Amino acid sequence: MRWKTRPVIVSALCTALVAVAAPWASAVGDQHQGASGVQIRRTEYGVPHILAQNYSDLGYGYGYAFAQDNACEMADRVLTLRGERSRYFGATARTNDSLNGTDTNLDSDTYFQALLRAGTVRELLSRPAPLGPTPEMRRLMEGYAAGFDRYLKDVGVAHLPDPTCQGQPWVQPITAEDLWTNILDIDQLGGAAGLRQEIANATPPAPNTSPTTTTTALAGSLSAAKPTGRGSNGWALGADATADGTGMLLANPHLPWNGDARFYQVQLTIPGVLDVTGGALYGTPVVQIGHTAGVAWTHTSTDSDHLSLYQLQLVPGDPTSYLVDGRPERMQQRQVPVTVRGADGRQTTVVRTLYTSRYGPVLADGWTATSALTMRDANADNIRSMDQWLAMDRAQSVDQLRAAQRRYQGSPWTYTIATDTTGAAYFTDNSATPHLTDAQLASCRVAPLPGIGVPLLNGATTACDWGSDPDAVEPGLYGPAAQPALLRRDYVANSNNTPALTNPAAPLTGYPQVFGASPQLALRPQNGLGMIAARIAGTDGLGPAGFTLPTLRELMFDDTDRSAQVGLADVLAMCRAHPTLTAGDGAVVDVRAACTALGNWDGHGTVNSHGEVLWASFFGDLAKGPATWWRVPYDPKQPLTTPRGIDGEAPVVQHAFADAVQDAVKKGVALDAAPGDVKRWDNVPLHGCGDWEGCFNVLYAYPTSGQGGGTSASRTSWAMGSSFMMTVEMSPTGPKASTLLTYSESANPASPHYTDQTTLYSHSQWVTERFTAADIAASPALQVTTLRR
């Protein structure tokens with residue numbers, strides 16, 4: 001954070017609405033659309049196709065359409081971004097942030113108020129492109145805010161259709177600065193944004209306290225900050241892997257179904273300038289996963305580090321000063337006031353002091369009389385992501401997409417997987433990654449702290465600071481030449497594994513360890529690579545060799561449980577040989593009925609795969625500890641087939657099975673329960689299973705998920721997993737795509753588009769995409785709204 005203060009920018013609002021009942025007729029009409037008008041054309045399932053003549057109007061229409069579906073979610077998000085949650089909801093309540101669910105309102109407000117008072121976003125906006133926004137991106141963002149505000153004015157807060165926020169005083173007009181703050185926060189999910197609680201609660205130790213180091217909370221925060229925990233699958237299939245010699249793409253991001261991390265499906269069109277369709281995170285006026293007429297792409301979360309954790313050596317007797325190369329430096333301090341509503345409704349002010357070092361914010365855990373922990377975020381200055389995605393949204397080939405990424409270097413924490421009409425298959429990690437050499441990682445590490453999964457580096461010497469590359473967009477980062485990349489004619493694939501085995505036939509080597517050191521594949525990427533290999537060979541029972549769109553769609557919903565493939569037979573042999581087992585608490589458990597249930601299970605995670613719930617409980621518990629129970633351990637020479645086999649005679653295996661049976665009985669869950677029995681979204685049964693089980697189609701949910709609306713972050717309303725899904729063939733005659741937004745377009749439980757696509761997901765069905773003007777005009781569900789400013 002930078003500690004500067006600048007005036008607040010307030011955006012202007014705009015005027016009248018004209019609703020048009022007649023369908024949008026033709027591409028010729030597109031060319032004659034008025035320069036100050038924008039059309040929102042909605043097709044099946046409420047998907048909006050925004051048509052405008054300039055970026056400002058395009059953003060205006062997009063912001064308006066989004067507000068029609070999700071005004072409450074955006075209003076709630078802006079309340080967070082302005083640091084005003086405590087003013088309305090009190091200090092101790094949890095935020096609705098779906099990716100940082102442990103933050104209290106006061107912690108969150110302290111963090112965001114500090115960001116606002118530092119003027120960080122305004123300073124970044126003052127930079128010229130590519131570090132700051134291009135004029136096109138500024139107009140798009142300002143238009144989006146104005147369109148959202150126009151909807152609030154037209155409808156009125158008292159008459160909003162979503163009961164979640166209807167008539168609430170915290171629903172306010174938004175500004176472009178709010179949206180840019182949202183972008184910066186999204187980009188910092190792998191860094192500072194994941195450590196808000198640590199930053200907001202950092203205080204020097206009291207005098208004469210013992211120098212103990214507690215890092216339990218930090219370990220949890222760092223785990224939450226690692227985006228790989230949220231997961232995704234992405235495949236780019238080149239000409240050599242497809243039946244017709246075309247490029248194909250599978251997009252399957254795994255993110256929460258509640259709150260601010262949801263996707264919104266949209267098409268954005270400026271005739272002759274931009275035509276892109278796909279999914280975008282809430283509050284971002286670009287398409288982030290999607291396709292144009294010539295190129296398609298998706299993203300998965302990287303295995304690389306986007307923050308560095310440094311240990312400061314404090315000046316004796318002064319816990320707010322530290323030594324660098326033997327010279328003392330003082331921490332910067334900023335007092336941050338937050339308005340808090342009490343239980344009696346009265347408002348008071350709570351003031352906290354935040355501390356920062358030369359590296360970045362000082363953290364709460366690990367601060368003793370002799371040392372403190374601080375962090376540096378590779379995305380501290382990154383709002384370039386929006387211009388990078390806008391440039392990708394205009395690209396028509398993999399080469400143009402690569403050029404956009406090289407110019408802006410704005411990917412915050414994602415890999416890119418892409419294909420085009422030439423049949424190329426492309427992978428890269430062009431995310432903002434600290435320039436730390438392998439030699440630095442070896443020499444700069446200090447004694448590891450319990451539970452800390454990122455390297456702890458020596459902050460007392462400049463020898464351990466980040467270096468830089470001449471082709472990097474800003475100092476401290478690796479440039480494009482050093483980033484892992486692979487261009488193939490068969491395929492590239494990633495399921496949050498390191499870049500090494502993007503394609504096992506061409507292992508990537510030689511890149512810096514900070515991009516991901518271990519090549520070992522978890523069960524989910526093993527599952528995905530196995531499906532690709534079998535389809536290319538034609539050995540999966542789905543017909544002749546090579547991918548087609550139908551086989552690609554079918555594989556997405558195969559729901560095979562990889563852990564069952566490699567271990568179910570051993571577990572069945574164990575429970576049949578041992579009808580009673582001892583649980584972890586010493587109780588003797590009869591497992592015969594459970595064994596029968598697993599014996600009847602089909603080894604999948606479909607809605608009706610009876611027995612999967614018991615297996616998920618057992619294997620999930622087993623996978624928490626050291627994996628000493630594999631019969632065949634991991635062998636780097638056999639990365640796709642090891643580890644495998646479960647040692648049924650290992651006490652840990654038998655205890656885990658007995659515990660799973662015992663837990664099911666206590667909770668009243670049937671031993672042969674299927675995913676559809678216990679995973680629901682507003683009572684729609686769901687399929688998919690856990691990442692730890694090696695399921696490709698990941699889905700977590702409760703029986704009551706979705707019943708509080710898509711905005712609710714209540715634990716029992718929470719769900720996570722497959723979100724915006726897309727299969728697309730980049731045919732020379734135009735893209736052919738099927739999509740599915742698993743939780744549907746609206747977070748409003750009263751909307752007809754709250755669960756309409758969820759019902760399709762429940763039945764493993766897809767939506768045929770409408771991309772061309774003719775496709776859109778032919779929609780029997782077409783509704784057109786024309787806005788004039």
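Biologist: Over how many bridges do S30 and strand S31 (residues 767-768) pair?

Modeller: Happy to start there, with the note that this is a predicted model. S30 and S31 run in the antiparallel sense where they pair. Thr739 stands opposite Val767 in S31. The number of bridges between S30 and S31 is two.

Biologist: Which residue in S30 is the bridge partner of Val728?

Modeller: Here we turn to strand S29 (residues 724-731), which pairs with S30 in the antiparallel sense over eight bridges. S29 and S30 form a hairpin, with two residues between them. In S30, the bridge partner of Val728 is Ala737.

Biologist: Is strand S30 (residues 734-741) largely enclosed or largely open?

Modeller: A residue counts as buried when its relative accessible area is under 20%. Seven of the eight residues of S30 are buried, so by the rest of the structure this strand is largely enclosed.

Biologist: Now to the helices. How many residues of H7 are buried?

Modeller: Helix H7 spans residues 176-187 and reaches 17 Å from its first C-alpha to its last, close to the 16 Å expected. Its buried residues include Trp180, Leu184 and Ile186, and also Glu177 and Asp178. H7 is mostly covered, and the count of buried residues is 12 of 12.

Biologist: How is H6 oriented to H10, roughly perpendicular or roughly parallel?

Modeller: Helix H6 (residues 135-155) and helix H10 (residues 385-394) pack with their axes 10 Å apart, at an angle of about 100 degrees. An angle of 65 to 115 degrees is the range that matters here. That makes the orientation of H6 to H10 roughly perpendicular.

Biologist: How many residues of the contact of H6 with H10 are charged?

Modeller: From H6 come Glu136, Met137, Leu140 and Met141, and they meet Met386, Asp387 and Leu390 in H10. Five residues of this contact are nonpolar and no residues are polar, while the number of charged residues is two.

Biologist: What is the orientation of H15 and H18 to each other?

Modeller: Helix H15 (residues 562-577) packs with helix H18 (residues 651-667) at an angle of about 80 degrees, with the axes 11 Å apart. H15 and H18 are therefore, to each other, roughly perpendicular.

Biologist: How many polar residues does the contact of H15 with H18 have?

Modeller: Val571, Met574 and Cys575 in H15 meet Val653, Gln654 and Phe657 in H18. The contact has five nonpolar residues and no charged residues, and its number of polar residues is one.

Note on methods. Residues numbered from 1 in each chain as written. Predicted model: local features only at pLDDT ≥ 70, side-chain atom pairs only at ≥ 80, totals over all residues. Heavy atoms only, no water. Helix = DSSP H or I, 4+ residues; strand = E, 2+ residues; numbered from the N terminus. Expected span 1.5 Å × (residues − 1). Buried < 20%, exposed > 50% of the residue type's maximum accessible area, 1.4 Å probe, protein only. Axes fitted to C-alpha atoms, helices over the stretch in contact; angles between N-to-C directions. Parallel < 35°, antiparallel > 145°, perpendicular 65-115°, else oblique. Contact = heavy atoms within 4.5 Å. Nonpolar A, V, L, I, M, F, W, Y, C, P; charged D, E, K, R; others polar. Pairing = 2+ DSSP bridges.
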